[in-house]
Structure formats: structure tokens, C-alpha cells
Amino acid sequence: MSIYGAMFSGVSGLNANSQSLGMIADNISNVNTVGYKGNAAQFSTLVTQSPTRTTFSPGGVMSQPAATIDQQGLLQGTGSKTDVAIAGNGFFVVNEASTPGLGDEYFFTRAGSFNPDAKGDLVNTAGYYLQGWPLTNGVTLPTNTSVLTSVQTVNISNLNGAARATANLGLQINLPSTAAVTDVHSATVQIFDSLGNSHDLQIDFTKTATNAWDITVNDPVLSSTGVVSGTVTPAVRNITFAGDGTPAVINFPDIAITGWTTGASNSTVAVDAGTVGVGDGLTQFAGQFSLDSFDQDGIPFGRFTSVSIDNEGVVTALFDNGEKQAIYKLPVAMFPNPNGLEAVNGNAYRQSGTSGDLLLKDANVGGAGAVASSALEASNVDLAEEFTRMITTQRAYSANAKVITTAGGAQPAVTALSA
């Protein structure tokens, strides 16, 4: 039986080492695959029980693949804003369909080379669609973020930034302390209506007494034509300064504008003219009249230009009017045993019985990795290590083949002797 056992043991060695060589070949072929995780053969003995203590029954060997899914690959920068990688633990959630339905499976991947398709859905080179939590008003997440039904395909098409009317106006103006009574100084600021049209608003300051000024807000004019475009409701506005040049009394009610010729909704603009006793707005010091700065919160209509993704996985749409809008947040999928995931085509994985239960987490929180934008994770395959394994595996394969050759050559002699 020892001769037969030796042959079968050699056959098991051939099989185990051929499996190992197959893993090495697969690793080498995927050395440039984004997010690829290599496999290595782990060998274990096959033991045949000996009938007595003075005899030996050859057993053999078996191999099984050991995944290195939890080993980080090198992050490499790219020029695409929709390329993403994970620095640390976890996976991106993807689906095989752009609009997941019954029977469409969710997968998990580290391959973050996503690009918008014809519909604006972000899809990677394997055809899997990136999933994210939709954000309501740029802030609010879905109610239950722990289940896969809370995510949807990230889409960056048909995004337009809405215009916003000016609601707040801050002024920093110095009125000359040497101005004579009845002197008038004017400042023109730009505001926006609810449709995003730009208007010029002139504010006149008339000195009425020592340290006292009246303030007149004129009707706005359309910036593009210079024609009056609305009506300011008359109101008494004035300011009195203390001897140190800071305001002592500020009377500056909100500016109400009605009858926009552009068809926009009526506007109410709250004005911050400064703080009593503080030189943070209107002041009266020596020197010339000067409009140092003004701040207003209106914006014109904006068109979508690009997206950005931060390290917390928040996908933000950027518009040409300077507006930003957070539209999705990318969850990071975590598993107790990521090496137990089942590999599927396209460098992705599915949950298995040995991987443990899925847990969706915020990026960079509770052990989940941070999202790196404009970056991709390279394969974690080390070519030098693979070539070394190839050499040792080839030698082991050849040695097992020699065992079979030797045992097979000895077999006829044993048969003849038995006869």
C-alpha cells in the first residue's frame, strides 16, 4: 500500500500545487486591476490512519485559497473627481442595476473608478453602480441608514442651482466727520431678486447735524440696463454717532422692495449697519467717504459644473455661481470578517456566511475608512513575492511529479515479486 499511497500522495501534491500556481497566475494577471485583492494558497495535511505503530500510510496534502481582502493597496492620485478610494477598512456599496429592483443584487467593492454614464449615474469599469444615501436639503439622511434599501444610485445629472434673493446686507462705510451739514455721500451696492437678476441699490447719506445723518434708500435699477426695476417703501432711516466715531443710535429698518419689473417676488432685505459702540459697520472718522465693503447673501442662477467628494463621503455639486449643494453621502460597508466575502466578477464581493453581517457606517467613523477623492486603490499584489512563490511552487510540483514517476517505476517490480 505504501507504493500506491506514495503515488496518491504525489497526485494530491500535484493538485495542491497546481491550485497554488493558479492563484499566483490570477494575482499576476490582476496586478494592474484597481482595488484587486490577491489570494494565497494555504496547505494542510491529509492524514491516513496507520493500522499499526510500525507502519506508515501516506496521506497527502490539500490547498485552499486564503484571501487578502483586508490588506490595503497603495492609493494613487488621479485627475478625475469621481474616482474614489477608501483609506482604511470597508467597501463601497454598488448594485448591478442603475435602478435596483427585485432580483438586482448589491455588491461591495474597493474598485472606485466611477464615471457618469449617459444618464448621469456613476458606474465603474465593471458596470456596477455606486450607491449612496440621498441628502435632503443637503443635510438630512434617510430615516434608517442601516439597511440597503436606504441607498440609491448616485446621479449627478440635471442639477441646477436655484437663484436666491438677497435677504441680508452688511455695510462697512466711513462717513467723513468733517462733512458739512447738507453734504450728501452715496454708496451703490448690488443685490439679487428671487429670479437671480442683479440690481444696483443706491444708498444716500445726508448730514443733518453734528454727528447725525439721514439715510435714503433709492429705488433699485436693473444692473444690465440701468432702468428702475422696483419700488422701495419709504421709511425714515438715520444714524447718530458718538464722539468716538462709533454709532450711538442706529435706525435702519428692513428694506422692502415691491413691484420688481423682472417678475420676481417681493423682497425684504435686513441691513446690518453695525453695532452701537463698536466700529464694525457705519463709522464717522476723519478722512474721505469710503465704502470699505458690503456683504449680501443673494446669488444669481447657477449651472452645474462638477462634483467634489470629501473624506466623509459627502458628494457635493458645484455650480458656476459659487453655490454648493450636498446631494449624497457614501456609506462604508463593514463586515466582521471581510476575508470571508465571496468574490464575484468585476472585482466585487457579496456577503457570505463566513463574512458576518453587513453594517453600513459613516466614512471615517467607528473604524470605517476615510474616503479619498481623485484617487484609486492599486492592487495589493507584490510581484516580487508572487515570482518567489512561483519558483517554490514549481519546485514542489516537480518534486511531486518525481514521486509519481519513482513510485510508478517501482510498481512493476513489486508486482513481479509478488507473483
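Author: We take the salt bridges, then the surface patch. This is a predicted model, where local features need pLDDT of at least 70, side-chain atom pairs count only at pLDDT 80 or more, and totals for chains, interfaces and linings use all residues. Residues are numbered from 1 along each chain as its sequence is written, and side-chain values use heavy atoms, with hydrogens and water left out.

Reader: How many salt bridges does the structure hold?

Author: Side chains of opposite charge can pair when their charged atoms come close. A salt bridge here is a side-chain nitrogen of Lys or Arg within 4 Å of a carboxyl oxygen of Asp or Glu. The structure holds nine.

Reader: Which residue pairs with Arg164?

Author: Glu323 does, with the closest N and O atoms 3.2 Å apart. Arg164 sits in the loop between β11 (160–161) and β12 (168–176), and Glu323 in the loop between β25 (314–319) and β26 (324–329), so the pair ties together parts that are 159 residues apart in sequence. Strands are DSSP runs of E, at least two residues; helices are runs of H or I, at least four; both are numbered from the N terminus.

Reader: Is Lys329 buried or exposed?

Author: Buried means under 20% relative accessible area, exposed over 50%, partly exposed in between (1.4 Å probe, protein chains only). Lys329 is buried, at 14%. The side chain of Lys329 meets that of Asp362 in a salt bridge, 3.7 Å from N to O. Lys329 lies in strand β26 and Asp362 in the loop between β30 (359–361) and β31 (370–373), so this pair joins parts 33 residues apart in sequence. Asp362 is partly exposed, at 26%.

Reader: What is the partner of Asp121?

Author: Lys119, with the closest N and O atoms 3.9 Å apart. Asp121 is buried, at 8% relative accessible area. Lys119 is partly exposed, at 48%.

Reader: Which residues are linked in a network of salt bridges?

Author: Lys37, Arg110 and Glu377 are.

Reader: Now the surface. Which residues make the nonpolar patch?

Author: Patches use residues with over 30% relative accessible area and no salt bridge; like charges are joined within 9 Å, nonpolar side chains (Val, Leu, Ile, Met, Phe, Trp, Tyr) within 5 Å. Areas come from the Shrake-Rupley method with a 1.4 Å probe; for residues, only the protein chains shown count as cover. Leu21, Leu383, Phe387 and Met390 make a patch of about 320 Å².

Reader: Which helix gives the most to the patch?

Author: Helix α2 (residues 383–418), with three residues. Phe387 lies in helix α2. Phe387 is partly exposed, at 43% relative accessible area.
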